[in-house]
Amino acid sequence: MDQVKLGIVGFGIMGERLVRSAFPHPTVRLAGVWDPSPEAVARLAATESGAPMLADAEAVIAACDALYIAAPPAAHLPLARAALRAGRAVLLEKPLATDRGDAAAFIAEVEREKARAAVNFPMASSPAVAQLAAWREAGAVGAPQQLRISTEFARWPRGWQQEAAGWLARREEGGFTREVVSHFLFLTRRQLGPLELVSAQVEYPAGGGSETAVSAELRAGGVPVLLSGSVGRITADEANSWTLTGAAGSIRLRDWSYAERLDPQGNWQAAPDALPNPAMRPQALRAQMEKLAALTRGEPQNLATPREAFEVQEMVERILAA
């Protein structure tokens, strides 16, 4: 079967990461990229991908079968609608949108028209998440009793995100709850069920900056969830964990890529094939591209749906508004 032609709008951190991590790919090839930044041309050339920098977003949509939207959040839905009108599949970065009403309208459009749209939550294709699910299926946790989510950062945005600090550091669109906690809420929703907010507290700096600390109590499928996150309390760039405890034992996802299981002596043991995140990320992103090809062809896949992404976004915004 012919390769699916992928177009990318937005060649910042996420667009470049996808190209460097997932390509060349057996079922997807790069058809074109557009980013308004002059520096993006040099960055694209440095990837040695052979993908052309096209004149504008319309040219990318015309050249592709599927569009990956890695632009800032305010541009997500206008680009997605343009691509869907042209008969393309779309993979959006999260958050889905900056306007709640527009996001809800977009979901209604997608579901009514059975449009080929998904949102890029790589945990849908993470080998470490697959290991956690396998352990649960084998009875390692039993009936879930509690989930703890922790996300800590030395600074925000993280060191590798400084080029996007203009919006990632601002309260309107940025912050670690939207950018990082959302991934763990997606994982929680997939593993345990619908999310409910019980209570939350958020600390903001003066001057319109994004949050510096978050704590929240939620429920997911009836299971208590305790969430915490902060900036400036650790010296490492970041540390995170998703720890599920049940009647039969505990498992966790640590630092994005380590699936670990608590042994009878109380020590965390990593899966034999566990990898650090830089080594695991290409596996997850290549699998995401395989699933995007399936979406484009109308075949089964388990990418995050716009409705799932919207549910996560709604919970994030409720937490941030506390």
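## Burial and the R81 pair

Buried means under 20% relative accessible area. R81 has a relative accessible area of 18%, so R81 counts as buried. This is a predicted model.

R81 pairs with E109 in a salt bridge. Their closest N and O atoms are 3.0 Å apart. E109 sits in helix α5 (residues 100-113), and R81 in helix α4 (residues 76-85). The pair therefore ties together parts 28 residues apart in sequence. E109 is partly exposed, with a relative accessible area of 22%.

Helix α8 covers residues 176-192. It has 17 residues. From first C-alpha to last, α8 reaches 22 Å, close to the 24 Å expected at 1.5 Å a residue. The helix bends by about 40 degrees at S182. Most of α8 is covered: 15 of its 17 residues are buried. Just after α8 comes G193, with a positive phi of about 125 degrees.

## Salt bridges and one network

The whole structure holds 15 salt bridges. Side chains of opposite charge can pair when their charged atoms come close.

One of these bridges joins D255 and R254, at 3.4 Å from N to O. D255 is partly exposed, with a relative accessible area of 24%. R254 is partly exposed too, at 25%. The pair is part of a network: salt bridges with shared partners connect R252, R254, D255 and E260.

Most residues other than glycine have a negative phi, and most peptide bonds are trans.

P24 lies in the loop between α1 (13-22) and β2 (28-34). P157 lies in the loop between β6 (144-153) and α7 (165-168).

## Positive phi outside glycine

E48 is not a glycine, yet its phi is positive, at about 55 degrees. E48 is placed in the loop between α2 (38-46) and α3 (57-63). With a relative accessible area of 74%, E48 is exposed.

W256 also has a positive phi without being a glycine; the value is near 75 degrees. Its loop runs between β11 (250-254) and β12 (258-262). W256 is buried, with a relative accessible area of 17%. E48, by contrast, is exposed.

Note on methods. Residues are numbered from 1 along each chain as its sequence is written. This is a predicted model: local features need pLDDT of at least 70, side-chain atom pairs count only at pLDDT 80 or more; totals for chains, interfaces and linings use all residues. Side-chain values use heavy atoms; hydrogens and water are left out. Helices (H or I, at least four residues) and strands (E, at least two) are DSSP runs, numbered from the N terminus. The expected span of a helix is 1.5 Å times one less than its number of residues. The bend at a residue is the angle between axes fitted to the seven residues ending there and the seven starting there. Buried means under 20% relative accessible area, exposed over 50%, partly exposed in between (1.4 Å probe, protein chains only). A salt bridge is a side-chain nitrogen of Lys or Arg within 4 Å of a carboxyl oxygen of Asp or Glu.
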